[in-house]
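I opened the model to look up one residue in its setting, then the chain as a whole. My notes follow the order in which I checked things.

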Amino acid sequence: MKIGYFADGPWAHKAIEKIVSDSRFEIVFIVPRFDTQDPVLKEWANKLGVPFLLAENVNSEQFINVVNQYSVDLLVSMSFNQILKTPILSMAPKGFINCHAGALPFYRGRNPLNWVLINGESEFGITVHYIDEGIDTGDIIEQHKFPIADVDNYSTLLSKAINSCADVLYSALKKLATDTVKRIRQQDIHPIGTYFCQRVIGDEELTFNQSAVRVHNFIRAITLPGPGARCFHNDKEYAVLRSELILGAPEYIATIGEVTARNTKGCVVKVADSSILVTQMSEILEGKIGEKFTPDFRIGTRFKVGK
């Protein structure tokens, strides 16, 4: 089965290892993101002896004419970032497929791993689906769900998802190779599902005026390699990188965002209902996360949103 591979980043690196290990599959060209031009994928193209095709617009007539020369059976997207239109979607007999780190039709869109943690989910999904002109709306080929542990954060979940996405894609490819795919319409699972837009500057601002669970989930959802949950004290900006829920923390009314206690692990901060323990922070220096430290701010210190 001849495959054209549209890809970028660690997701793509792990998946290509799986694909080329099976003699049933042949990658005949690789198309990287135009803005990053992934050097690891370029090495793979050289290793496999296939073209590394740069395309600012994969929907252009010129690029489609190039793809036509390779007589592909299937086109695969793995972390590719261009919107695909009907002409290129209909080029390969077995279709154009994508691997998405969400349990479609839920968690469509961008940053699904951040959002599953923000929402306090107990599991996340990996879905391989046909691409149509909607956003993550095509029929499902393969879907698996994986548990989220209480200790998971964005970093650990990202690592799990990168490995799992390669496995789920490989499983889907085997079904496509043997014509054993049972397509599942997303509307048959749920008529609406959920959709999340791309996170933008400002979305990282941390407000302590929420429940302990919501504050904790937000902190772990956007910790490194994300931007970190941001707050201010004395005009200095900080990233809160780790926190812990406090078992049996009493609920009471007091000043939100204020340090109420401290110990060897960090600072206890008042939130809307009870308190959380902040265990790792970093000062933001020239817009970047600096050295990590265990916070030991004095009792009465107040953290704020914005300067």
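I looked up Tyr5 and found it buried, at 0% relative accessibility; buried means under 20% relative accessible area, exposed over 50%, and partly exposed in between (1.4 Å probe, protein chains only). The model is predicted, so local features need pLDDT of at least 70 and side-chain atom pairs count only at pLDDT 80 or more, while totals for chains, interfaces and linings use all residues. Residues are numbered from 1 along each chain as its sequence is written, and side-chain values use heavy atoms, with hydrogens and water left out.

Tyr5 sits in strand β1, residues 2-7. Strands are DSSP runs of E with at least two residues, and helices are runs of H or I with at least four, numbered from the N terminus.

I listed the contacts of Tyr5 beyond its neighbours within four places in sequence; among them are Ala12, Ile16, Phe29, Leu41, Val76 and Met78. Contact here means heavy atoms within 4.5 Å. I also took the C-alpha separation of Tyr5 and Lys160, which is 22 Å for 155 residues along the chain.

I then turned to the whole chain. I counted seven helices and 14 strands. Of the 307 residues, 49% are buried. Among contacts with a separation of 6 or more, 64% join residues 24 or more positions apart. The C-alpha atoms fill a box of roughly 70 × 40 × 30 Å along the principal axes.

Last, I checked Ile189, in the loop between α6 (154-177) and β8 (195-196). Ile189 is partly exposed, with a relative accessible area of 40%.
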